[in-house]
Amino acid sequence: MYDGGKIIAGLIIFLALITFPIWYNVASGKANYRPDPKIVTTEKQCVEDVSYMKASHMDLLNEWRDMVVREGHRTHTAPSGRKFEASLSNTCMSCHSNKSEFCDECHDYMGVTPYCWDCHIEPKEGK
Amino acid sequence: MSVNRRSFLKAAGLTTLSLAGGKALASESLKKPWIDSGGLKAKRWAMVIDLSKCREQEGCTACTDACHRVHNVPEFENEKHEVKWIWKEPFHNAFHEQEHEYTRDNIKHSKALVLCNHCDNPPCVRVCPTKATWKREEDGIVMMDWHRCIGCRYCVLACPYGSRSFNWRDPRDGIDEVQEDFPTRMKGVVEKCTFCEERLAKGLMPACVEACKEHALIFGDLDDPESEVRAILKERYTIRRKPALGTEPEVYYIV
């Protein structure tokens, strides 16, 4: 191999550069970061089980959207039998009034930008 | 029958649980009493507008203000960006086929309150490619699903009453005080009056009807012979906008 040393050295530098973000995140501890949404409410129970809400809140919201707008049904009955207004702004956000610490915490981490807030109003957060 | 300690505790526990549960249920329906009843219902919502009362209050915008406030309707200076749900239109424009050269001056130069007519045969619904607007079979309201609107504006062209507005700009730029319990729209979406279906569902009359101190707006069930709208239609001579088009508007006018 002509100039083998230079080629291998070049390859090593190239690999080091291209994997730099990985090393950097490992070294700075960012790789271990886990989102930690904060819950600020005195309510004990969400409108569905916590595990379901964690995985499928977006499906529930889509269901609510169609149920309320297209079918005109505005109540959601929780497994406990308690009835809730099926409303993002008026029910979800009345408990989870801290959008930046609750919704955005995971959404930012996952890189998703839900368009709910293009129209629905996010609660003003007490500063 | 003797009650031992064990069965007493069981019964006491169950009672407490059921009371607590009942209380939780009750408190929810106390806060939102409509949650069980489902609000106001009708087979065919309709409105009567008494323009003679309206004319007496020249410059009154109580209904428009109330409607536009609760629905986060933006206000822009540029007429081309205008968004409106209920507004006053020169009589000549609203009822051009029903006036003539010698129409009484006070009517000819007055303004008529106009809004979506919630037609029985709505042309806007027929042209909507995404079913973002449709007529609710249960009560006749011509609804809008702003989630689904793609902003093609076919409905704006189809509506012969100019009841629909397009958001050329981000509406939030034109709202002073945003109502948190009702969404705004976004740029590129069409909007119009929905007969306050969100208020009806909560047992409230439409915001404009509630705001009109002159009782010039009467709202009710056209299908119910005992309703106030039917009583007025029976007693007074009423007209509708552009009846020849066959859209069957459900907003009636006393001139």
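Tutor: Two strands pair if DSSP finds at least two bridges between them. With that criterion in hand, we may read this predicted model.

Student: Which residue of strand 9 of chain B is the bridge partner of B:I49?

Tutor: The partner of B:I49 in strand 9 is B:Y253. Strand 1 of chain B and strand 9 (residues 251-254) run parallel and are joined by four bridges.

Student: In which sense do strand 1 and strand 8 of chain B pair?

Tutor: They pair in the antiparallel sense, over five bridges, strand 8 covering residues 217-221. Within strand 8, B:G220 is the bridge partner of B:A46.

Student: Are the residues of strand 1 of chain B buried or exposed?

Tutor: Six of the six residues in strand 1 (residues 45-50) are buried, so this strand is largely enclosed by the rest of the structure.

Student: How many residues does each chain bring to the contact between chain A and chain B?

Tutor: Chain A contributes 17 residues and chain B contributes 17 residues. On the side of chain A that touches chain B, helix 3 (50-70), strand 2 (83-85) and helix 4 (88-95) each supply at least two residues. Helix 3 of chain A gives the largest share, three residues.

Conventions:
Residues numbered from 1 in each chain as written. Chains lettered and ligands numbered in written order. Predicted model: local features only at pLDDT ≥ 70, side-chain atom pairs only at ≥ 80, totals over all residues. Contact = placed C-beta atoms within 7 Å. Buried ≥ 20, exposed ≤ 12 C-beta atoms within 10 Å, placed from the backbone.
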